[in-house]
Structure formats: structure tokens, C-alpha cells
Amino acid sequence: MSTSVNPRRTFAIISHPDAGKTTLTEKLLLQGGAIHLAGEVKARGQARRARSDWMKIEQQRGISVTSSVMTFEKEHEGQAITFNLLDTPGHEDFSEDTYRTLTAVDSAIMVIDAAKGIEPQTRKLFEVCRLRSVPIITFVNKVDREGRDPFETLDEVADMLALDVSPQMWPIGMGGLFEGILDFRTGEVARPEGDSKEYLGKREANATIPEQYVEEYELAQAGYPEFDLEAYRNGDLTPVYFGSALKNFGVEELIDAIARYAPPPRPQPAGEQQITPDHDEVTGFIFKVQANMDPMHRDRIAFMRQVSGTFKRGMKLTPSGLGKPIAVHSPILFFAQDREIADTAEPGDIIGIPNHGTLRVGDTLSEKNQIRFTGLPNFAPEILRRVQLRDPTKTKQLRKALDDLSEEGVIQVFYPVIGGSSIVGVVGQLQLEVLISRLEAEYKVEAALEASPFATARWLKGPDAALDDFERFNQGNLARDRDGDLVFMAKSPWDVGYQEEKNPDLKFSATKER
Ligand code: G4P
């Protein structure tokens with residue numbers, strides 16, 4: 001048994017597709033010794049695709065729909081640190097999966113393509129981070145290529161995200177004349193080696209930098225705020241690292257920055273309380289459930305972010321949704337290439353708990369069953385579709401499937417108050433394709449999605465009398481979600497505003513706490 005516990009850093013990478021997230025992940029894992037050859041992350045992706053043939057869509061579109069966890073360890077100033085990297089689906093469509101992954105991390109790296117700047121989806125993810133006060137380190141990737149003026153990128157980050165930016169690494173001569181990366185903290189320069197322009201690990205302390213660049217980096221150093229730990233942790237400032245994932249520039253410095261600055265496991269709100277990592281029992285919450293990882297079993301893996309205590313294998317935890325304890329005999333820890341049964345886990349760690357559908361996204365798990373974590377929202381769907389069965393005798397199967405899949409967080413389901421077909425809601429188009437393909441593959445239900453008259457949904461809260469009144473007059477626009485909660489189905493955002501004004505006693509909420 002180990003006597004001392006490594007500090008944890010639990011983080012995610014957010015980026016636009018093609019910005020270099022996969023490449024950066026791979027380099028981070030290489031540096032951490034978790035994989036040994038470049039290409040393994042991609043290869044692993046292929047192996048996983050081959051295995052999870054239930055998810056035809058992954059193969060058809062060559063994308064990974066599901067996110068996972070990668071753990072690696074690296075020494076920082078004489079202390080081993082455990083890094084938990086949560087992968088988010090690398091596709092332009094957001095699913096709730098992506099959003100929820102961000103509920104389970106303590107910080108994030110935002111990867112930007114030096115030539116392209118911030119794309120709208122990245123901005124959306126950034127906003128989710130901000131909503132949850134998740135601090136962000138910015139990595140401006142691909143500086144080995146011809147790109148935009150780095151000042152332009154800095155100013156864009158500052159303007160678009162309303163953040164202070166503080167450059168920490170600076171590209172010397174971006175593009176064809178690339179001379180290397182200057183580390184403002186140490187004053188050292190990492191230079192390209194030979195023609196490959198690859199960084200091979202040598203850093204020069206008193207490197208001479210071609211004169212034409214001196215003024216530029218001095219300006220960069222003097223013209224922006226200094227790094228301020230508190231401002232970063234509050235989400236008011238982002239340190240910016242220019243680098244190249246492919247050529248390995250700035251990657252080591254990035255890990256160093258996560259070790260040095262990124263916050264340790266955070267307390268999690270539970271109503272009025274804040275549960276800190278040293279709380280006197282094991283607690284955690286489920287942020288993701290993945291069904292049918294193995295086509296031979298109908299098992300699910302629930303991913304738990306541990307909030308407090310030291311978990312030991314076999315421990316009994318009570319899920320808030322169930323009320324009676326379950327023994328966690330085979331908790332899974334995720335490594336780059338492998339999954340392992342975990343004997344112990346600490347706050348900040350993610351463990352996978354196999355189950356038969358008892359664990360739901362948003363559930364709290366705890367030893368004493370006294371607290372409930374809050375702040376794990378459902379997001380108002382942006383796309384709503386009516387589900388039309390091809391074979392009307394399969395109503396029951398469809399209902400079961402929709403309930404299951406909404407429990408898993410693939411979709412949200414709304415049952416109109418006055419009959420009619422079920423309506424599914426998603427925040428990204430891709431979720432709909434996943435839905436159809438899984439209905440067929442797993443539930444043998446053939447269904448089609450049709451336009452619905454609704455554009456968005458709002459969860460209703462308020463005094464019973466006001467709710468009853470509203471219900472009486474708006475039956476055609478009301479539905480109940482999987483938990484039976486009342487939802488206003490709006491034909492347009494204008495509709496929401498109109499009803500809000502007309503019904504001041506009611507709250508029209510775009511998120512719902514699970
Ligand atoms: P993603 O996961 O964010 O979608 O991006 P990914 O890492 O797959 O990278 C997208 C493309 O950008 C890849 O090229 C990758 O090699 C390239 N790339 C990533 N980092 C850098 C960098 O620092 N410099 C340069 N010049 N290129 C970089 P590809 O041709 O699409 O894929 P592949 O043929 O290399 O696999």
C-alpha cells in the first residue's frame with residue numbers, strides 16, 4: 001500500500017476538430033510514458049472501433065462518438081503527479097456528453113489552430129467552462145507552419161472570450177523561418193533540430209535570437225498582463241502557450257503548466273454545502289454512462305468522478321437514485337492502452353462502474369447516502385424531432401429504448417401531455433444519428449425522425465397554482481420528461497420570452513439539474 005498519494009490534475013482538452021487535439025493527447029501521453037509510440041492513440045481508436053461494432057456510426061463516419069479517460073503519471077519538481085485526461089468527442093457536433101465531461105474536470109486546455117483562430121464551437125465549449133468556473137490554459141498549435149500574426153491570435157482570444165491573456169511561450173519566426181519557442185518563465189529557447197523542424201529536447205539558456213524578432217517578443221512580454229495564478233484560477237486570465245503538438249514544441253511546458261498552475265481536485269456543491277476532497281467518506285457523481293461497450297453483454301459502465309475520500313475496491317456505495325447500497329467489486333481505471341481493475345482511487349480520479357442500468361447520469365454515490373451533488377445540468381435541446389415508428393406494434397420497445405437512451409444522456413425525451421408521438425431533443429445533430437443507429441442495432445426498433453413544431457424546451461418551475469393554470473391553457477405545448485417533470489415546448493425563442501413575461505410566477509429554465 002502506498003503511504004503518500006500523488007496530487008491529481010483532472011482536465012479536458014477542448015478544441016475545434018483538426019486543431020490538433022488527438023496529436024496533442026498523444027504527445028502528452030508519450031511524455032507521461034503512458035504510450036511508447038506515436039500513432040498509438042489513433043491505432044487504439046481503430047481497435048476500439050473494431051470492437052464496438054454496435055456503434056456502426058463510428059465506423060461509417062470514422063469518428064469516435066464516445067469519450068473516455070486517460071490516466072498518466074509524470075514527475076514535476078521531484079513529485080509524481082497523476083494526470084487524468086478526459087477526452088471529449090472530436091466532432092463538430094456537440095453532444096451533451098461533451099458538456100457533461102466538462103462537469104467532471106477541474107481545468108481545461110483550449111487548443112487553437114494558429115492559422116485559424118477560435119472557431120464558434122470552441123467558443124461554445126469555452127462558455128460551458130466559464131459557466132462552471134473551469135480555468136483554461138490556451139495552447140496555440142501548429143506554429144511550425146505559416147500562420148497568422150501571433151498578436152492577432154492573442155487579441156482575438158482576449159476580445160472574443162473577454163479574458164486577460166498572458167503569453168508564456170512565444171514562437172520565434174512563425175512559419176517558414178521558424179526558429180523555435182521562447183519560454184518567458186525560464187528565458188530558454190527550444191530550437192528545431194536540423195531539417196525536420198522537430199524539437200529533440202535540447203533547450204538553450206542564452207540563445208541568440210535573430211534581431212528582427214527581438215522587438216516582437218519583447219513587446220509580447222511587456223504588452224500583456226503578467227501571469228497571475230489567482231486570476232487564472234478564477235477564470236479571468238488564460239496563460240497562452242504557443243507550440244506545435246506535431247513537432248513536440250511546447251508540450252513539455254504545457255504539462256509543466258498543468259502541474260504547476262492547474263487546480264487540484266475541486267470541492268463540489270451539494271445544495272448549500274461544499275464537499276471537499278477531505279470530506280470523511282467516499283463520494284462521487286456519475287457524469288456519463290456508456291451502454292453496451294461489449295456487444296456480448298448488456299452491461300453499462302457508469303463513469304464516476306470521485307469527489308472525496310479514498311475509495312477501496314469492494315466498497316459499498318449508495319447511489320442517490322436507488323437508495324440501497326451497491327458493492328463496487330470491479331471498478332475500472334482507464335489507462336492509455338488498458339483498463340485495469342482499481343484497488344484504490346482518490347478524489348479527482350474517474351472510475352468506471354459496471355452495472356445493469358441502476359446508475360444514471362447525475363447520480364451521487366456515497367457511503368452515507370446523506371448528500372446530493374448539484375450543478376450537473378441537462379441542457380435545453382436545440383433540435384427537437386418527433387419519433388415515428390415504422391412498426392406500430394413496437395410502441396413498448398420504443399418507450400423502453402427512449403427511456404434507456406435518455407438515461408444514458410444520448411438524447412432527451414419528451415412525452416407530450418396530450419398524446420401524440422414522443423419527441424426527442426438533442427443539442428447536436430450527431431446525437432440523432434446515434435439514436436437511429438442504436439434503436440436499430442440494440443432495440444430492433446425501426447423509427448424515423450420527423451420535423452416537430454417545436455424549436456426549444458424549457459423546464460417549468462413555480463407554485464402549484466401557477467403551474468396548474470399554465471397547464472390548463474397550454475396543453476398543446478406541454479410535455480413531461482423522463483422524470484415526469486413539466487416542460488414547456490416552445491415554437492420559437494420569442495415564444496419563451498412571451499410566456500415568461502406573461503407568467504412572472506413561473507421559471508422557464510434552460511437547464512435542469514439532474
Ligand atoms: P483533432 O484531433 O483536433 O481533430 O486534430 P488532429 O490531432 O487529428 O490533427 C489534425 C491535423 O493537424 C493532422 O494532420 C495533424 O497531423 C496536424 N497537426 C497537428 N498538430 C500539428 C502541428 O503542430 N503542426 C502541424 N504542421 N500539423 C499539425 P492530417 O494531415 O489531417 O492527419 P495525419 O495525416 O497527420 O494523420
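**Reading the ligand shell and a sheet**

Tutor: Helix α1 (residues 21-31) contributes the most to the shell around the ligand, with 3 residues. Helices (H or I, at least four residues) and strands (E, at least two) are DSSP runs, numbered from the N terminus. This is a predicted model: local features need pLDDT of at least 70, side-chain atom pairs count only at pLDDT 80 or more, and totals for chains, interfaces and linings use all residues. Residues are numbered from 1 along each chain as its sequence is written, and side-chain values use heavy atoms, with hydrogens and water left out.

Student: How many residues surround the ligand?

Tutor: A residue is near a molecule if one of its heavy atoms lies within 4 Å of it. Here 17 residues surround the ligand, and Asp-18, Lys-21, Thr-22, Thr-23 and Ser-244 are the closest.

Student: Which side-chain atom of Thr-23 is 2.5 Å from an oxygen atom of the ligand?

Tutor: A polar contact is a pair of N or O atoms within 3.5 Å. For Thr-23, an N or O atom in the side chain is 2.5 Å from a ligand oxygen. Asn-141 has a polar side-chain atom 3.0 Å from an oxygen atom of the ligand.

Student: Where do β27 and β31 stand in the sheet?

Tutor: Two strands pair if DSSP finds at least two bridges between them. In this model 8 strands form an open sheet, ordered β27-β24-β26-β25-β29-β30-β28-β31, with antiparallel pairing. β27 (447-451) and β31 (507-509) stand at the edges, each with a single partner strand, so one side of each has no neighbour in the sheet.

Definitions and conventions
A polar contact is a pair of N or O atoms within 3.5 Å; within protein, one must be able to donate a hydrogen and the other to accept it, and residues adjacent in sequence count only if both atoms are side-chain atoms.
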